[in-house]
Amino acid sequence: MMPLLPHPGPNYSCYDIEYFRDGDYFTTLIQALPHVAAARGIIRSKIENCIFEDEQPFRYAHQSPRERARSAIDNLTSVLTYGQFGMPLAQAFLGSYELNWKVVGIDQDARWVVEFNLTNASTQASGSINPAKVFTYKDGNAGDGHDAAPLEHWTKQSVRWRETL
């Protein structure tokens with residue numbers, strides 16, 4: 001994907017955006033993540049209760065320290081085995097992410113058309129091999145680069161697709 005010109009970010013850092021959309025390989029991998037599959041059920045329930053827009057973020061900061069340590073091991077295992085073991089490779093790459101969704105219409109079969117928008121920031125902290133980081137994760141928007149160092153150049157991933165539910 002072709003990044004645009006750098007954008008201003010926190011701490012006088014700047015970032016590029018990588019865009020992924022319906023049908024590309026990476027977006028297909030994201031759609032298959034367990035959290036995204038679970039989010040579909042939650043979204044269906046919310047639509048039945050007349051909620052047509054919300055978020056279903058996935059943040060390691062919301063896990064217990066023990067769960068974060070397990071995730072770190074699964075992440076490393078996935079990277080070393082190209083996704084054969086550990087967690088799905090797309091999850092290992094993304095880490096925490098924001099997942100926003102909204103109903104954008106109804107198809108010809110009267111099914112809801114939902115647009116998903118997932119964002120993630122890849123900073124130096126994301127790739128740190130410091131094992132203590134799993135105990136000091138800061139909660140916050142996973143797509144805004146809040147953990148970027150001053151003047152650090154980082155990358156934001158924007159993944160967007162639509163599904164009928």
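Student: In this predicted model, is R44 buried, partly exposed or exposed, and how should I read its relative accessibility?

Tutor: Relative accessibility is read against two cut-offs, with buried meaning under 20%, exposed over 50%, and partly exposed in between. R44 has a relative accessibility of 38%, and therefore it counts as partly exposed. The residue belongs to helix α2.

Student: Which distance separates the C-alpha atoms of R44 and V114?

Tutor: Their C-alpha atoms are 9.9 Å apart, although 70 residues separate R44 and V114 along the chain. For the protein overall, among contacts with a separation of 6 or more, 64% are between residues 24 or more positions apart.

Student: How many helices and strands does the protein have, and in what order do they run?

Tutor: There are 4 helices and 6 strands, and reading from the N terminus their order is β-β-α-α-β-α-α-β-β-β. Of the 165 residues, 38% are buried, and the accessible surface of about 9,600 Å² belongs for 58% to carbon and sulfur atoms.

Student: Where should I look for the largest nonpolar core, and which residues have the most contacts inside it?

Tutor: The general idea is that in soluble globular proteins nonpolar side chains tend to be buried together. Here the largest nonpolar core has 24 residues, and those with the most contacts inside it are I30, I43, Y97, L99, V114, L118 and W161. Two or more residues come from each of α1 (25–31), α2 (34–48), α4 (89–94), β4 (98–106), β5 (112–122) and β6 (153–164), and α2 gives the most, with 4 residues. Apart from this core lies another one of 5 residues, including I17, A121, A148 and W154.

Student: Which residues does Y97 touch, if I leave out those up to four places away in sequence?

Tutor: With those sequence neighbours set aside, Y97 touches L33, H35, V36, P57, F58, R59, Q91, L118, T119, N120 and A142. One of these partners, L118, is also listed with Y97 among the residues that have the most contacts inside the largest core.

Student: What does β5 do on its other pairing, with β6, and how many of its residues are buried?

Tutor: β5 and β6 also pair in the antiparallel sense, over 10 bridges, and one example is N117, whose bridge partner in β6 is R160. As for cover, 9 of the 11 residues of β5 are buried, so that strand is mostly covered.

Student: How can I tell whether a pair of aromatic rings, such as F26 and F93, is stacked or edge-to-face?

Tutor: The angle between the ring planes decides, since planes under 30 degrees apart count as stacked and those over 60 as edge-to-face. The structure holds 7 aromatic pairs. In the pair of F26 and F93, the ring centres are 5.5 Å apart and the planes stand at 85°, so this pair is edge-to-face. F26 lies in helix α1 and F93 in helix α4, 67 residues apart, and the pair thus links distant parts of the chain. F26 is buried, at a relative accessible area of 14%, whereas F93 is partly exposed, at 44%. Both residues also form one aromatic cluster with F20.

Student: And what kind of pair do F116 and W161 make?

Tutor: Their ring centres are 4.9 Å apart and their planes are at 5°, so F116 and W161 are stacked. Because F116 lies in strand β5 and W161 in strand β6, the pair ties together parts that are 45 residues apart in sequence. Both F116 and W161 are buried.

Student: Where is S158 found, and is it buried or exposed?

Tutor: S158 is found in strand β6 and, with a relative accessible area of 7%, is buried. Leaving out residues up to four places away in sequence, S158 touches I17, E18, Y19, F20, R21, N117, L118 and T119. S158 and T27 are 131 residues apart in sequence, while the C-alpha to C-alpha distance is 9.8 Å.

Definitions and conventions. Residues numbered from 1 in each chain as written. Predicted model: local features only at pLDDT ≥ 70, side-chain atom pairs only at ≥ 80, totals over all residues. Heavy atoms only, no water. Core = buried A, V, L, I, M, F, W, Y, C linked by side-chain atoms within 4.5 Å. Buried < 20%, exposed > 50% of the residue type's maximum accessible area, 1.4 Å probe, protein only. Contact = heavy atoms within 4.5 Å. Phe/Tyr/Trp six-rings, centres within 6.5 Å; stacked < 30°, edge-to-face > 60°. Areas by Shrake-Rupley, 256 points an atom, 1.4 Å probe, with all protein chains shown as cover. Pairing = 2+ DSSP bridges.
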